[in-house]
Structure formats: C-alpha cells, structure tokens
Amino acid sequence: MIVNEVITCPFCGELFPVNFEIQYTNFNIPQNLGTTGYYYFNIDMQGEPQFFGANPFYYVRIHRCPKCNEETIKLLKCSFENNEIKEIDDSNLVTQIRPKSIHQPFPDYVPQSIRNDYEEACAIVELSPKASATLARRCLQGMIRDFWNVPGNTKGLLAKEIDALKGKIPETQWNAIDALRKIGNIGAHMEKDTNIIVDIDTGEAEKLIKLIELLIKQWYIARHEEEQLLSEIVAIKDEKEAERKPSNSPT
C-alpha cells in the first residue's frame, strides 16, 4: 500500500517519502522493507497467527533512510476496534526504540551545550515530561545568553533575562518564551503546598521541545543563512567588478 507521508531522518536530517508498506506477523518475515515497514504481532504467541484475532497487539514501525541507510524503529501498543487500528496509551511502554529519541540534527554552529540540553530533553520526554520541560527551560536560558548576549544575573533568574528581550522579538514569541519558563518551573521546583500536584504530560513537554526547535531555526539557522547569502552576494559583486576592469595585457 502506498502511503502519502514524508518524514525526516533523525540521523542525517534527510527528508524522504514513505513509499512502501509491509504487514506481517512473527511467522512471516519479509526480505525487503523498502524505505518503510510495518510489523504487527500478537501478544499471545500460541496457536495459528491471527493478526486481528488478539487484542491488544504490538505494532512496530520501521523507516529506512535511503540516504544514510539508518533505520528508525518505533513500538506502539494497539487494539483493533470497528475495523480500525487504535493506539493504546501505555506510560510503561518505551515506544521509541531506535534512535533512543527523535531529535533534529542541528548544525555545529549551534553551541554544543544547547544541543546537548535539547537532545536530552527529547530523550526523556516520555519517561519524565517534567524533567524534559526543565531541560527545555535550561536550553532556552542558554540560547538567550548566547544568541542575544544577555548576561547571566547573579541569582540566575531567567525571568529577568527574558525581560531583556522585550522589544527585540515579536510579542507572541516573547509570551511563548515566558510561558516555557513558567512551565519549566513546575518541573524544577516543588509547590509551596506539597499537597498540590501540578503535572506535565508528554504532549505538553513535546510542545516545549517544538518551541526550542523553532527558536533554534529562527535565531541561529536564520542568522547563519542570512550571513551566508549576504556574503555570497558581495562576492558576486566583487567578481563582476573584477571582470569589468580593462585588461593590461598586450593584444
């Protein structure tokens, strides 16, 4: 079955279409996965293989990048109801098998410490959304200090560092950044009333990670691409001016 989907390889960053699907049980192993494969198998291994005969079942999705040939593997727990496959939310199930986390491969001109915090936030987003949110907060603080040259204050108060960005970035972006700070505080600090429990779920932590990705693209990558383009245009101008100069060589 052809699937109209484009994914990004977490190993090399290549975009490639999902163009081939295979469905099979434990008893029928195909030789060729193409660039994607789907592996269904029942929890109960006894008796004849019946894909739809047992609920719940596990669902393994495999993508092979045509550029670097690395495979991305994800495990899901599902049920089959009303002729539809539905995912079952299971907090005890580690769904991302290979690589351990899905993160974007950002270029080296993004500081290593920022990339490390971002990648670690991605790695633990399912295991501990609160800790992931705290790392996203720390990553944001590093970006503000590095990209905007905002000096770290003696108390390390991120709120004051974010205040320094007022008027420098769009208001909607500022509001989202301040919101990330406050959500990250939930993971970093205990409530004054220990009977109050404020949780952060995986989906919410993932949105914070997406904000970090957006800021890296709009700050670091956009600046790099702009500098590169401007430099290339100046180089073209210098080349054309050199071509216009009369040659002093004898004819």
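The model is a predicted one, where local features need pLDDT of at least 70, side-chain atom pairs count only at pLDDT 80 or more, and totals for chains, interfaces and linings use all residues. Residues are numbered from 1 along each chain as its sequence is written, and side-chain values use heavy atoms, with hydrogens and water left out.

I start with the overall layout. The protein has 5 helices and 7 strands; helices here are DSSP runs of H or I with at least four residues, strands are runs of E with at least two, and both are numbered from the N terminus. Read from the N terminus, the order is β-β-β-β-β-β-β-α-α-α-α-α. Of the 251 residues, 35% are buried. Buried means under 20% relative accessible area, exposed means over 50%, and partly exposed is in between, with a 1.4 Å probe and protein chains only. Among contacts with a separation of 6 or more, 43% join residues 24 or more positions apart, where contact means heavy atoms within 4.5 Å.

Now the helices. Two packed helices are described by the angle between their axes and the distance between the axes. The axes are lines fitted to C-alpha atoms, for helices over the stretch in contact, and the angles run from 0 to 180 degrees between N-to-C directions.

Take helix H1, residues 112-123, against helix H5, residues 202-244. Their axes come within 10 Å and cross at roughly 155°. H1 and H5 are therefore roughly antiparallel. On the angle scale, under 35 degrees is roughly parallel, over 145 roughly antiparallel, 65 to 115 roughly perpendicular, and the rest oblique. The crossing of H1 and H5 is left-handed, meaning that the near helix is turned anticlockwise from the far one by less than a right angle; clockwise would be right-handed. On the H1 side the contact uses Ile-114, Tyr-118, Ala-121 and Cys-122, and on the H5 side Ile-209, Ile-212, Glu-213, Ile-216 and Tyr-220. These residues divide into 8 nonpolar, no polar and 1 charged. Nonpolar covers Ala, Val, Leu, Ile, Met, Phe, Trp, Tyr, Cys and Pro; charged covers Asp, Glu, Lys and Arg; the others, Gly among them, are polar.

How do the axes of H2 and H5 cross? They come within 9 Å and cross at roughly 15°, so H2 and H5 are roughly parallel. This crossing is also left-handed. The H2 residues in the contact include Ala-136, Leu-140, Met-143 and Phe-147, and those of H5 include Leu-208, Ile-212, Trp-219 and Tyr-220. The contact of H2 with H5 has 16 nonpolar, 2 polar and 2 charged residues.

Next, the aromatic rings. Rings of Phe, Tyr and Trp (its six-membered ring) pair if their centres lie within 6.5 Å; planes under 30 degrees apart are stacked, over 60 edge-to-face, and the rest tilted. By this rule there are 5 aromatic pairs. One of them is Phe-147 with Trp-148, an edge-to-face pair at 5.2 Å centre to centre and 75° between the planes. Phe-147 is buried at 14% relative accessible area, and Trp-148 is partly exposed at 21%. Trp-148 also pairs with Trp-219: the ring centres are 5.6 Å apart and the planes at 90°, so this pair is edge-to-face. Why does the pair tie together parts that are 71 residues apart in sequence? Because Trp-148 lies in the loop between helix H2 (129-147) and helix H3 (158-163), while Trp-219 lies in helix H5. Trp-219 is buried, at 4% relative accessibility. Phe-147, Trp-148, Trp-219 and Tyr-220 form one aromatic cluster.

Last, some single residues. Asn-69 has a positive phi near 65° though it is not glycine. Asn-69 sits in the loop between strand S4 (57-64) and strand S5 (71-81), and is exposed at 52% relative accessible area. Asn-149 has a positive phi near 55°, and is likewise a residue other than glycine. Asn-149 is in the loop between H2 and H3 and is exposed at 63%.

Is Arg-181 buried or exposed? Arg-181, in helix H4 (residues 171-188), is buried, with a relative accessible area of 13%. Apart from neighbours within four places in sequence, Arg-181 is in contact with Arg-137, Leu-158, Ala-159 and Ile-162.
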